[in-house]
Each structure stands twice: as C-alpha cells, then as structure tokens.
Amino acid sequence: MDYLGALLAISGVLMLSVVSPGPNFAIVTSTATLRSRRAGVATGLGLAAASATWALLAVAGLGLIVTQVEWLYLGIKLAGALYLIWIGARMILGARKPLAAAPDTLESGVFAAARKGYLVSMTNPKALAFYGSIFAVMVPAHAPAWFYAAIVSIGASISCLWYCGMAVLFSSPAVRDGFMRFKAVFEILMGVFLLGMGGRLLLSR
C-alpha cells in the first residue's frame, strides 16, 4: 500500500479546502484587519485546532455517525447558521463605530478570538462532510495508526499555516491602513457575506 502517495493526495485536498473562500477566511481576515495581528493569529490557531478536532472525530468514526444521524447533523447545521448570522449582524451594526482605543486584554482578545475561530469551524457542517468524505474515499482500509496521526497533524498544520499567514498578511501596515480607510464598507461587506453564508446554510437541505 502506497501510504505516502495517499498522504500527498489528502494533503492536496486539504490545501484546496482551506484556500477556498468561506466563513473561516472571512473571520480570520476581518479579525486581523479590524482588530490586531495577535487576535488574527489567535483566530487562525482556533481554526487549526478545529481542523485537528474534525480530523480526530473522523479518525474515531464519529464523523460518519453524525452524518448518519439526521437530527444531530441538523443540530450542527442550525447552530452554525445562527452563529454566522449573529457574527454578521454584529459586524454590520458595529461597522460605523470607531475601533476601541484600549488594547485587548488577554481574555477578551486572544482567547475570545481563538474561541470564535474554533466555533465557526466546529459549527460548519461542510467541515463535517469534508472530513467524512476524505476518510470514506481517500483513506486506505486498515491503515496503520501512524497514518491517522499523520492526517490529523497535516490537517492542523495546513490550516495553521494558511490562516495564520492570512492573519499576518491582512494585519500588515499597508494592507491594514488601506482597509481601515474603508472600515465601514469592509465590515458591512464581511457582515453581509457571513449573513448570506448563514442564511444559505439555514435554508439548505
């Protein structure tokens, strides 16, 4: 069995999944731009932790169970939709408010940003379907334990590198200053995007 080839193929699919625009990208870039690099990186780490969690659930077989239990899947989808709508509404309502001058405390800044990133990803049923499909289609039968551990590590690493990299990019002075000139427009657009994602998720079957 060519386990190395399987890992490379899975890594490619994981990379494509994180670079595609979605709520994760919106959350990390908006946090980095409108708050701080530290908060943006914390959000990226929260997203990476969620990727590791989803991979662990898939390893344990829980992802398959959730996709087969309709009420549990619908519960995750409802929670994710409402959370995205809540975040989007908050961004729109606060778009014209100035940024707080006081620096973030450790609890309200880094921990809250990481928690937000984690919850956005963990309440996204697309992540559940994605990891479930990977393990159903791309993971060889009777793979050794190290192979599953490698998938968890690769998933977390790719997510961490991409989203933390986006946080650093969007919090750079040039990018940040450019976006801050259009803070209200940027927040409204991001808020509408998240509302749309949440609404679409809520109405989807």
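This is a predicted model: local features need pLDDT of at least 70, side-chain atom pairs count only at pLDDT 80 or more; totals for chains, interfaces and linings use all residues.
The protein comprises ten helices and zero strands, and its order along the sequence reads α-α-α-α-α-α-α-α-α-α. Of its 205 residues, 43% count as buried. Among the contacts with a separation of 6 or more, 89% are accounted for by residues 24 or more positions apart.

According to UniProt, in an unreviewed entry, the feature "transmembrane region" is placed at residues 6-27, 39-65, 71-89, 118-139, 145-170 and 182-203. Two of these annotated spans were examined in the model. For residues 6-27, the end C-alpha atoms lie 31 Å apart, and the span is 86% helix and 0% strand. For residues 145-170, the corresponding end atoms are 38 Å apart, with 100% of the span in helix and 0% in strand.

The segment 145-170 is also helix H8, which packs with helix H2 (residues 23-34) at an angle of about 35°, the two axes being 8 Å apart. The crossing of H2 and H8 is right-handed. On the H2 side, the contact is made by Asn24, Phe25, Val28, Thr29, Ala32 and Thr33, whereas H8 contributes Trp162, Tyr163, Met166, Ala167 and Phe170. Classified by residue type, this contact of H2 with H8 contains eight nonpolar and three polar residues, and no charged residues.

Isoleucine 10 is located in helix H1 (residues 3-19). Because its relative accessible area is 2%, under the 20% limit, isoleucine 10 is classed as buried. The C-alpha atom of isoleucine 10 is separated by 9.0 Å from that of glycine 155, although the two residues are 145 residues apart along the chain.

Serine 171 occupies the loop between H8 and helix H9 (173-180). With a relative accessibility of 10%, again under the 20% limit, serine 171 therefore counts as buried. Two polar contacts involve its side chain: one of 2.7 Å joins the side chains of serine 171 and arginine 37, and in the other the side chain of serine 171 reaches the backbone oxygen of valine 168 at 3.2 Å. When neighbours within four places in sequence are left aside, serine 171 is in contact with Ala32, Ser36, Arg37 and Arg176. Of these partners, Ala32 also belongs to the H2 residues that make the contact with H8, while Arg37 is the partner in the side-chain polar contact of 2.7 Å.

Definitions and conventions:
Residues are numbered from 1 along each chain as its sequence is written. Side-chain values use heavy atoms; hydrogens and water are left out. Axes are lines fitted to C-alpha atoms, for helices over the stretch in contact, and angles run from 0 to 180 degrees between N-to-C directions. Helices (H or I, at least four residues) and strands (E, at least two) are DSSP runs, numbered from the N terminus. A crossing is left-handed if the near helix is turned anticlockwise from the far one by less than a right angle, and right-handed if clockwise. Contact means heavy atoms within 4.5 Å. Ala, Val, Leu, Ile, Met, Phe, Trp, Tyr, Cys and Pro count as nonpolar, Asp, Glu, Lys and Arg as charged, and the others, Gly among them, as polar. Buried means under 20% relative accessible area, exposed over 50%, partly exposed in between (1.4 Å probe, protein chains only). UniProt positions are given in the numbering used here, feature names are shortened, and annotations may be inferred rather than shown by experiment. A polar contact is a pair of N or O atoms within 3.5 Å; within protein, one must be able to donate a hydrogen and the other to accept it, and residues adjacent in sequence count only if both atoms are side-chain atoms.
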